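Trainee: Could you take me through one part of this model in detail? I would like to hear about the nonpolar core and then the helix packing.

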Amino acid sequence: MLNVRDGSPLDPPGTFTDVDGSQERGSNSQVEIVVPTRTLIAVAGCVGLAALVIALRGLLPTVVVAAVLSLGLDPLVGALETRGWPRGRAAVCVFAGLLASVALIVTLTIDPLWGEIRAFANHLPTYWNQLVSNPTLKPLLSSVSERSVDADLATLARELPGAAGTVLGLAGTAFSSLVSVVTLAFLSLFLLIERRRITDWLFGFTPPGTEARWRPVLNRSISAVAATLLGNVIISFVAGAVAGLSAFALGLPFPIVLAVITGLLDLIPQLGATLAALILVLAGLTVSVPTALAMLAIVLVYQQVENNVLYPIVFRRAVSLSALTTIFAVMIGASLLGVVGAIVAVPLAALGKIAIGELARPRRERMARLRPPSSGGVPADSQLLSHDADEHRGEVDE
């Protein structure tokens, strides 16, 4: 706020002067900057929040993962609430079911998976020699020292079981990992139980009109995060199953390991499927070139089925993101939080797209009304806004 104060005294009545009063007042005027107290409090709050985030940056990955996980499970809890379940009991049952499913999968796969990992490590020198002797890859790998690679792989195969046993036997590392997992689980559970109270408390600071506008957007964002997470897990499970069955049918070594690697990599959108396909083709080359070509054909066919059939079915409730936006989100998430950040980046990007779209919607509508109608009918922006408005109304009705 700017206030202009004139520092010149008022002339007495009846006094005449030849000095230009406007120039004198202009030379003696003072500019006073008044900052409201509310602005100072807001700035101080933002600075304090930024300092708190920096101080607690070590806990940021746990908080982000717990928040995304709780939002992903929220629709299931809401479905149980509509059937008369208390929210606390519904949240505990949903979370217990998730933990039981994860424990069952780990119990059924950890023993054969660990056995195949040890056998795979023991056979790494043999597989490397097969790749080097392959006529297709020999020119590409000619610059690599075969003796050094063989020695490194042999050392890895010899020391991997002992090193793994040593790591698993460290009580401090095990205790730290257990504390991290338990903290993440309880934080996700409590956020899931208190989600409705937290949102009601936050909306209590806003006018009724703001709440009426943004509460449907929040519900839509939660549905998008849940659909994205669940869809990503389903697609990754299907990709791992296809890779494992194909590897077993073609006679590739260690099909369970290949299936697990493919499923885990497929959790990373866009980039993970490409890396998994490369690993599968290289594994096929350890058998023969026709086997690698057959695996490449299976991967290409599955990618087409996944992109054109599975994605529209599984992600019909999710927010569509362009490939460029997805890659940028994955890169930013990976740089900030590593592999976990790459996995949760897409749900957060979907949430951000909904929020930014709602913020920009009034201005886009005003700009669309200012544009003259095109000769071909309704302008493209108007069609887009109409589609967004219809989708928004449909989400509110649901």
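Mentor: Happy to. The largest nonpolar core has ten residues: Leu73, Val77, Leu80, Ala90, Ala91, Val94, Phe95, Ala185, Leu189 and Leu192. Such a core is a set of buried Ala, Val, Leu, Ile, Met, Phe, Trp, Tyr and Cys residues joined through side-chain atoms within 4.5 Å, where buried means under 20% relative accessible area, exposed over 50% and partly exposed in between (1.4 Å probe, protein chains only). Helix H3 (60-82), helix H4 (87-122) and helix H7 (171-203) each supply at least two residues of this core, and H4 gives the most, with four residues. Helices here are DSSP runs (H or I, at least four residues), numbered from the N terminus. Please keep in mind that this is a predicted model: local features need pLDDT of at least 70, side-chain atom pairs count only at pLDDT 80 or more, and totals for chains, interfaces and linings use all residues. Residues are numbered from 1 along each chain as its sequence is written, and side-chain values use heavy atoms, with hydrogens and water left out.

Leaving aside residues up to four places away in sequence, Leu192 touches Ser70, Leu73, Asp74, Val77, Arg87 and Ala91; contact means heavy atoms within 4.5 Å. A second, separate core of nine residues includes Leu252, Ala277, Leu280 and Met295.

Now for the helix packing. Two packed helices are described by the angle between their axes and the distance between the axes. The axes of H8 (residues 208-250) and H11 come within 11 Å and cross at roughly 155 degrees; axes are lines fitted to C-alpha atoms, for helices over the stretch in contact, and angles run from 0 to 180 degrees between N-to-C directions. H8 and H11 are therefore roughly antiparallel, a label for angles over 145 degrees. H8 passes H11 in a right-handed crossing, meaning that the near helix is turned clockwise from the far one by less than a right angle. Residues making this contact include Ile234, Val238 and Val242 of H8 and Met295, Ile298 and Tyr302 of H11.

H8 also packs with H9 (residues 255-266): their axes come within 7 Å and cross at roughly 155 degrees. This crossing is right-handed, and among the residues in contact are Ala239, Ala243 and Ala247 of H8 and Leu258, Ala259 and Thr262 of H9.

One last stop is Ala297, found in helix H11 (residues 289-314). Ala297 counts as partly exposed, at 40% relative accessibility. Between Ala297 and Val281 there are 9.6 Å in space, C-alpha to C-alpha, and the two are 16 residues apart in sequence.

Definitions and conventions:
Angles under 35 degrees count as roughly parallel, over 145 as roughly antiparallel, 65 to 115 as roughly perpendicular and the rest as oblique.
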